[in-house]
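Here's a quick tour for anyone meeting this protein chain for the first time. Have a look at the model, then read on.

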Amino acid sequence: MRVVDIIQKKKRGEAITENEINFIVQGYVNEEIPDYQMSAFLMAVYFKGMNKKEIADLTLAFVESGDRNDLSAIHGVKVDKHSSGGVGDKLSLVIIPLVASVGVPVAKMSGRGLGHTGGTIDKLEAIEGFKTVLDRETFINNVNNYKMAIVGQSANLTPADKKIYALRDVTATVDSIPLIASSIMSKKIASGADCIVLDVKVGSGAFMKSIDEAVELARTMVEIGKSLNKKTIAVVTDMNQPLGHEVGNANEVKEAIEILKGNGSEDETTIALTLASYMTVLGGAFKDFDTAYQELRRIIKSGKAVEKFKELLSIQGGNPEVVNDPNILPQSKYHIEIKSSESGYVSAIDAESIGITAMLLGAGREKKDDPIDFSAGVTMVKKVGDKVNPGDVLCILHTNLEDRQKAGQIAKGAYSFSLQKPEPGKYIHEVIQ
Ligand code: URA
């Protein structure tokens with residue numbers, strides 16, 4: 001078999017076989033196939049696409065390149081959740097204790113932030129003492145005893161995806177549906193859960209900019225799940241402005257605690273309850289979505305959900321006092337108000353620009369190994385639909401950096417205004433199951 005023939009076939013738009021997919025993926029991981037040939041192959045996939053069988057084969061080739069998590073020692077139906085990446089997305093912090101509070105086991109592996117998007121593991125590490133590395137026995141015991149555990153992704157999970165994703169990032173081949181779908185689903189399959197709920201983001205802060213594209217990605221991933229006997233539900237949710245009011249790390253933890261206490265903003269509360277409801281139905285705790293939604297809302301109101309979060313902190317070494325006093329979380333030295341020069345209504349906020357602002361303030365990473373300042377971030381004072389007058393504060397930048405001029409300009413430029421109040425947008429666009 002020759003790589004050049006496989007590239008040639010894909011370039012002509014023909015389907016490639018399972019053997020050919022395994023050959024090119026394994027060859028690349030083993031460094032027998034150079035970056036330039038893999039880049040040409042990825043670009044051919046970008047333009048010519050892949051059929052369902054090819055996408056499922058590519059997903060499995062990624063899974064087989066590394067370890068598979070064995071969760072068979074955990075009792076019950078294990079349900080995992082994944083977000084395709086957004087700005088201000090702290091929902092895993094809310095969903096893990098919420099789902100665990102009704103007895104559905106959550107054995108979660110999460111990632112770190114990169115570029116304009118944040119990562120759950122970084123947010124949790126903003127809490128003093130919280131351990132994001134657990135030995136296997138502790139991880140399994142915690143899920144069996146407390147129904148929840150969260151760790152960073154293990155080093156040898158889907159190494160082929162890791163290597164190919166890094167190449168996609170520098171060859172303009174990230175935003176390809178077959179490549180995103182196989183990348184995300186391979187990690188979920190290798191993580192070992194029985195059922196998967198996907199939060200597919202759409203809008204200015206997401207990879208998928210249109211609803212049609214997001215729905216196609218969602219359908220593709222649900223089909224991969226089904227073909228591999230994993231019940232999968234995808235919820236297409238809005239990312240046309242940052243979620244909630246906080247973007248960063250420590251400030252997102254603070255906001256997640258407020259959601260768990262029942263004081264969250266409507267967008268975050270609705271999306272968190274929707275995802276958690278599908279997870280608990282798949283996990284067998286409730287007979288249908290509506291019952292789950294009402295019951296989970298009641299659990300938040302009763303204070304049980306935030307108590308469960310406190311328990312998560314205690315069992316993983318974090319200081320549970322942050323729930324009573326979030327001000328003990330890291331705080332930055334400077335808080336800079338960005339003020340409006342316009343009057344009217346906020347008509348849009350470019351989520352990606354706010355993500356980049358947070359990154360420049362120290363809250364995120366441009367490169368994989370960059371350090372993070374947990375106290376840095378952005379508070380969104382005004383959101384889409386809010387009325388503004390000149391001089392009103394649009395957002396507040398939190399940082400320890402002296403030089404934040406560029407960040408301030410990007411944050412201000414993220415806002416658009418209109419004279420008419422915009423129609424309220426939807427939080428949930430579609431559910432595919
Ligand atoms: N997230 C992933 O894990 N992979 C992609 O390709 C895109 C988003």
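Which residues are buried in helix 5? They are Leu 91, Ser 92, Leu 93, Val 94, Ile 95, Ile 96, Pro 97, Leu 98, Val 99 and Ala 100. Here "buried" means that 20 or more other C-beta atoms, placed from the backbone, lie within 10 Å of the residue's own. Helices (H or I, at least four residues) and strands (E, at least two) are DSSP runs, numbered from the N terminus.

Keep in mind that this is a predicted model: local features need pLDDT of at least 70, side-chain atom pairs count only at pLDDT 80 or more, and totals for chains, interfaces and linings use all residues. Residues are numbered from 1 along each chain as its sequence is written.

| Domain | Residues |
|---|---|
| domain 1 | residues 3-49 |
| domain 2 | residues 79-323 |
| domain 3 | residues 331-418 |

The centres of domain 1 and domain 3, taken over C-alpha atoms, sit 41 Å apart.

Now for helix 15, residues 351-363. Because 13 of its 13 residues are buried, helix 15 is largely enclosed by the rest of the structure.

Strand 9 (residues 377-380) has two partners to meet. With strand 6 (residues 246-248), strand 9 pairs in the antiparallel sense over 3 bridges, and Glu 246 has Thr 379 as its bridge partner. Strand 11 (residues 393-399) also runs antiparallel to strand 9, joined by 4 bridges; there, Met 380 stands opposite Cys 395. Two strands count as paired if DSSP finds at least two bridges between them.

Terms used: Domains from an automatic or database assignment. Buried ≥ 20, exposed ≤ 12 C-beta atoms within 10 Å, placed from the backbone. Expected span 1.5 Å × (residues − 1).
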